[in-house]
Amino acid sequence: MADGEFFLLRVKAVPNAKKTQFAGTLGDAVKIKVQAPPEGGRANAELAAFVAGTLDLPARNVRVAAGETSRNKILRVEGCARERAETAWGFPVPDAGRGNG
């Protein structure tokens, strides 16, 4: 992995779910159900922590780059290549942009 490597992940977030989990892909986005409510940034924090945890990354490596108050978001995942995410998650990750490196 190169220094500064990252990828952008387009997400359709579904808050107030029974369980935080992947729910497949939806067009060019990964659908993720989030148990937390969408108040006070709780769902965003849980979404970032969930994605980071599935990739063995610190939560600080995943942040909302766009769509802070929307269900349609773009996450910036730092310290990981898209290919690694695809291997870890077991499905193709739609391309929302690539990091350098």
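Q: Which residue in β5 does V64 stand opposite?
A: V64 stands opposite L75 in β5. This is a predicted model, so local features need pLDDT of at least 70 and side-chain atom pairs count only at pLDDT 80 or more, while totals for chains, interfaces and linings use all residues. Residues are numbered from 1 along each chain as its sequence is written, and side-chain values use heavy atoms, leaving out hydrogens and water.

Q: What makes R76 a charge over the ring of F6?
A: The rule asks for NZ of Lys or CZ of Arg within 6 Å of the ring centre and within 35 degrees of the ring normal. R76 lies over the face of F6, at 3.5 Å from the ring centre.

Q: Why is the pair of F22 and W89 called tilted?
A: Rings of Phe, Tyr and Trp (its six-membered ring) pair if their centres lie within 6.5 Å; planes under 30 degrees apart count as stacked, over 60 as edge-to-face and the rest as tilted. By this rule there are four aromatic pairs. The ring centres of F22 and W89 are 4.9 Å apart and their planes stand at 50 degrees, so this pair is tilted. F22 belongs to strand β2 (residues 21-26) and W89 to helix α2 (residues 82-89), so the pair ties together parts that are 67 residues apart in sequence. F22, F50, W89 and F91 form one aromatic cluster.

Q: Why do F22 and W89 get the labels they do for accessibility?
A: Buried means under 20% relative accessible area, exposed over 50%, and partly exposed in between (1.4 Å probe, protein chains only). F22, at 22%, is therefore partly exposed, whereas W89, at 10%, is buried.

Q: Which residues touch the most other members of the largest nonpolar core?
A: Such a core is a set of buried Ala, Val, Leu, Ile, Met, Phe, Trp, Tyr and Cys residues joined through side-chain atoms within 4.5 Å. Of the 25 residues in the largest one, L9, V51, V77 and W89 touch the most other members. Helix α1 gives the most to this core, with six residues.

Q: Why is A85 called buried, and what does A85 touch?
A: A85, in helix α2, has a relative accessible area of 0%, so the label is buried. Contact means heavy atoms within 4.5 Å. Not counting residues up to four places away in sequence, A85 touches F7, L55, C80, G90 and V93.

Q: Why does N61 count as buried?
A: N61 is found in the loop between α1 and β4. Its relative accessible area is 16%, so N61 is buried. Leaving aside neighbours within four places in sequence, N61 is in contact with R76, V77, E78 and G79.

Key: Helix = DSSP H or I, 4+ residues; strand = E, 2+ residues; numbered from the N terminus. Pairing = 2+ DSSP bridges.
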